[in-house]
Amino acid sequence: MNVLIVYAHPEPRSLNGSLKDFAVDHLQSKGHQVQVSDLYQMGWKATIDANDAPGLESSSRFDPALESQRVFAAGIQPPDIEAEQARLLWADAVIFQFPLWWFSMPAIMKGWIERVYACGFAYGVGEHSDHHWGARYGEGTLAGKRAMLTVTMGGWESHYSERGVNGALNDVLFPIQHGILFYPGFEVLAPFPVYRAGKVDSATFARICADYGNRLDTLFTLEPLPFRRQNDGDYEIPALTLRPHLAAGRQGLDIHLRDEDEPADL
């Protein structure tokens, strides 16, 4: 299978760099084809601006979404954007690996998302009607592909627990896992977190690699997070609110995950 690793860390000798190298070697040893988008090494341009819109008149107002749509449809996107889109289409699974900085991905990776996820490619696709509101949240260009976050953080595991001060890890990662990954169609796997990243010694690293190798071996078999598909009947259209009988009396991010005992078709 084809695996793309989108990787963001400025230091090749970091824990992240070592985990990325381990993942490449492990996946290749299992017969997978692997490509890596090493964003810092590539010198990735993280800002979306008028330079991404060939043909835009200098006197014209730059609208990021409309210009993204125009150049994508015309086939005149900047080569770096086009190359990364091709990698996404090539991949059967994508691993996004990064340190959790200020409760999100590094800015360079967010900039990769903003530029590569063009209008007409990752969003702005599919019909809009009274029963179907675009091809997104379980549908879209990247449907049928798998995605997983490999995330390092300085805090303890307890800090990211249900009652931890930082919030539950899946809540912290919800904008990425549900918004950036599930929105354009990915099947999203539970993340692989590495806690107390600044305290990892050689013995701990060996244990992490053993666990990571086992996890990578399930990349194509592990059940994805049971996010609700937008157009399968769970949400009222066009309001896009969860129907009242589902997760009744509850609020919060976890209502967008199907309950284990919930019928598949209501």
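These are my notebook entries on what I looked up in this predicted model.

**Entry 1: the domain record**

I began with the UniProt record. Its unreviewed entry lists residues 1-212 under "domain: Flavodoxin-like fold". I then looked at that stretch in the model. Over residues 1-212, the chain is 36% helix and 15% strand.

Next I turned to a pair of helices. How do the axes of α4 and α5 cross? Helix α4 covers residues 79-90 and helix α5 covers residues 107-116. Their axes come within 9 Å and cross at roughly 90°. I noted α4 as roughly perpendicular to α5, because angles of 65 to 115 degrees count that way.

I wanted to know who makes the contact. From α4 I wrote down Asp80, Ile81, Glu84, Gln85 and Leu88. From α5 I wrote down Trp112, Arg115 and Val116. Sorted by class, this contact has 4 nonpolar, 1 polar and 3 charged residues.

**Entry 2: how covered is α5?**

I stayed with α5 and asked how many of its 10 residues are buried. I found 7, and I describe the helix as mostly covered. The buried ones are Ile108, Met109, Gly111, Trp112, Ile113, Arg115 and Val116. Trp112, Arg115 and Val116 were in my list for the contact with α4 too.

What do the buried residues of α5 pack against? My list has β1 (2-7), α2 (39-42), α4, β3 (93-99) and α7 (174-182).

**Entry 3: on to α7**

As α7 was on that list, I looked it up next. Here 7 of the 9 residues are buried, so α7 is largely enclosed by the rest of the structure. Those buried residues are Phe174, Ile176, Gln177, His178, Ile180, Leu181 and Phe182. Their cover includes β3, α5, β4 (146-152), α6 (169-172) and β5 (187-188).

Most residues other than glycine have a negative phi, and most peptide bonds are trans. With that in mind, I stopped at the loop between β3 and α5, where Trp102 sits. Trp102 is not a glycine, yet its phi is positive, about 50°. Phe103 lies in the loop between β3 and α5 as well, and Phe103 has a positive phi of about 65°.

Trp102 counts as exposed because its relative accessible area is 81%, and the cut-off for exposed is over 50%. Phe103, at 41%, is partly exposed.

Which peptide bond is cis? I found the one from Ile237 to Pro238, with omega near 10°. Pro238 is in the loop between β7 (235-236) and β8 (241-242).

**Entry 4: cysteines**

How many disulfides does a search of the whole structure find? I got 0. I also looked at how covered two cysteines are. Cys119 counts as buried because its relative accessibility is 8%, below the 20% limit. Cys209 is buried too, at 9%.

Last, I compared distance along the chain with distance in space.

Ser68 lies in helix α3 (residues 64-74) and is buried, with a relative accessible area of 12%. Ser68 and Val34 are 34 residues apart in sequence and 28 Å apart in space, C-alpha to C-alpha. Setting aside residues up to four places away in sequence, Ser68 touches Ala118 and Cys119. That is the buried Cys119 of my previous entry.

Leu56 is in the loop between α2 and α3. Its C-alpha atom is separated by 33 Å from that of His178, 122 residues apart along the chain. Beyond its neighbours within four places, Leu56 is in contact with Ala50, Arg61, Phe62, Glu67 and Arg70.

Ala143 lies in the loop between α5 and β4 and is partly exposed, at 38%. Ala143 and Phe186 are 43 residues apart along the chain, while their C-alpha atoms are separated by 5.2 Å. Leaving out residues up to four places away, Ala143 touches Gly138, Pro184 and Gly185.

Terms used. Residues numbered from 1 in each chain as written. Predicted model: local features only at pLDDT ≥ 70, side-chain atom pairs only at ≥ 80, totals over all residues. Heavy atoms only, no water. Disulfide = S-S within 2.5 Å. Buried < 20%, exposed > 50% of the residue type's maximum accessible area, 1.4 Å probe, protein only. UniProt positions renumbered as here; feature names shortened; annotations may be inferred. Helix = DSSP H or I, 4+ residues; strand = E, 2+ residues; numbered from the N terminus. Axes fitted to C-alpha atoms, helices over the stretch in contact; angles between N-to-C directions. Parallel < 35°, antiparallel > 145°, perpendicular 65-115°, else oblique. Contact = heavy atoms within 4.5 Å. Nonpolar A, V, L, I, M, F, W, Y, C, P; charged D, E, K, R; others polar.
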